[in-house]
Amino acid sequence: MKMKIRKKVAIPAILLLLMAGGLLTAYLKYEPSRHFRNADIPVLATPESAAGIEVRPATEAVKEVEPPEPAGGTRTGTAGEAAAAKPEPTEGIRGARGSFNLLLLATDARADEASRTDVLMLAHVNPEQNTVSLVSIPRDTQVNLPGIGLTKINHAHAMAEANGQGGHAGTLAAIQAVSNLCRCSINYYVKTNFDGFEHFVDTIGGIEVELDTPVKLTYNYRTLPAGKQHWNGETALDFVRERKSLDDGDNARQRNQALVIQAIARKLLVPDNLARLPELIRLVKEDILDSNLTDADMLSLAWMVRGVDPEEMYFVQFPGSSGKAKDPLVGAELYYWIPNMTAWAELSRQILGDAPDE
């Protein structure tokens, strides 16, 4: 005797099996530790052996100015210490299997002008431990660029672009400059501009931010009040660009940028946005100027964000101190952030080398 299957029971059961199979397939493909452990993680740049801070003769010493307190809480070394400290001759710090370094770039692109990198942030991602560490690199950081000499790191992108090589060449030059400075390999990158950032924030429905103190915006002559508030893309962009009204200048601006990144991560955890991840990724790609992340990489990273507490994201500014020196590009004395490579050598082993907590 043939057994009849009741359609009302069979159809939901089949759907459940299909859903379970789909979830399993998604888990095997996009679960971050599996995805990146099994992926052929690219190496875009490794530190060049001749790169880094040159040892200056005594007659060319950097003029030290009063250094502010950097993000992270501890005061770093002097400009003299930074000038005398060369990076260690290494191929770059290696993290745990499956961990990687992602460089976030935002340019101040304007029509018909070579753009500088206004934001440089290195993210060390460890899918196995579900952790993200952020290293903010001041745009005024002094580095040695090939064929130019000691100048600001944000000039790397502009000079490559201005030489007629195009925007991607600018990206690669910025990537190499960061690799040389941080003494690590760079695996992935994402580059956007101010318009792209603003549109992205609007795409996810804005962000919620809480300020301890009011922040005056000099770009549009208004003040953001203290307390909890909802921002659209325009306000978020004004906030991350602001530095003139801040007591700690560019250092405070970098802390504010980390605050906004945390707010974006929280917003991605909202159920409505989680359900829209494939659509959001499609929309986000419209705001990206340059990247080597695949759709699968982006989905996997979004999956990982679900398990990362934004408040637990580790953030640090590249250690250093304020100073002034003559710039070879403009032929005048400019302000610099002089990197303290001795302090970074110790800090980077913990941040980029996946060292266990003490």
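**Helix pairs, a mixed sheet and a hairpin**

Helix H6 (residues 194-203) and helix H7 (residues 233-241) have axes that come within 8 Å and cross at roughly 130°, and this description, like everything that follows, is read from a predicted model. The crossing in which H6 passes H7 is right-handed. On the H6 side the meeting residues are Phe-194, Phe-197, Glu-198, Val-201 and Asp-202, and on the H7 side they are Gly-233, Glu-234, Ala-236, Leu-237, Val-240 and Arg-241. Sorted by class, this contact of H6 with H7 contains six nonpolar residues, one polar residue and four charged residues.

A second pair of helices can be described in the same terms, since two packed helices are characterised by the angle between their axes and the distance between those axes. Helix H10 (residues 277-286) and helix H11 (residues 295-305) have axes that come within 10 Å and cross at roughly 120°, which makes H10 oblique to H11. H10 passes H11 in a right-handed crossing, and the contact is built from Leu-277, Pro-278, Ile-281 and Lys-285 of H10 together with Asp-295, Met-298, Leu-299 and Ala-302 of H11. Of the residues in the contact of H10 with H11, six are nonpolar, none is polar and two are charged.

From the helices we turn to the sheet. Six strands, in the order S12-S7-S2-S3-S4-S13, form an open sheet with mixed pairing. Its edges are strand S12 (290-291) and strand S13 (314-317), each of which pairs on one side only. Within the sheet, strand S2 (residues 100-107) and strand S7 (residues 188-193) run parallel and are joined by six bridges, and Leu-105 stands opposite Lys-191 in S7. Helix H11 also packs on this sheet, where it touches S2, strand S3 (117-126), strand S4 (131-136) and S7, and the direction of H11 makes about 75° with that of S3. Helix H12 (residues 341-351) packs on the sheet as well, touching S3, S4 and S13, with a direction that makes about 160° with that of S13.

Strands S5 and S6 form a hairpin. Strand S5 (residues 142-145) pairs with strand S6 (residues 149-152) in the antiparallel sense over four bridges, and the bridge partner of Asn-144 is Leu-150 in S6. Three residues lie between the two strands of this hairpin, and Gly-147 in the turn has a positive phi of about 75°.

Finally, there are the charged pairs. A search of the whole structure finds seven salt bridges, one of which is formed by Glu-128 with Arg-37, whose closest N and O atoms are 2.7 Å apart. This pair links distant parts of the chain, for Glu-128 lies in the loop between S3 and S4 while Arg-37 lies in helix H2 (residues 32-38), and the two are 91 residues apart.

Conventions. Residues numbered from 1 in each chain as written. Predicted model: local features only at pLDDT ≥ 70, side-chain atom pairs only at ≥ 80, totals over all residues. Heavy atoms only, no water. Axes fitted to C-alpha atoms, helices over the stretch in contact; angles between N-to-C directions. Parallel < 35°, antiparallel > 145°, perpendicular 65-115°, else oblique. Left-handed = near helix turned anticlockwise from the far one by under 90°. Contact = heavy atoms within 4.5 Å. Nonpolar A, V, L, I, M, F, W, Y, C, P; charged D, E, K, R; others polar. Pairing = 2+ DSSP bridges. Salt bridge = Lys/Arg side-chain N within 4 Å of Asp/Glu carboxyl O.
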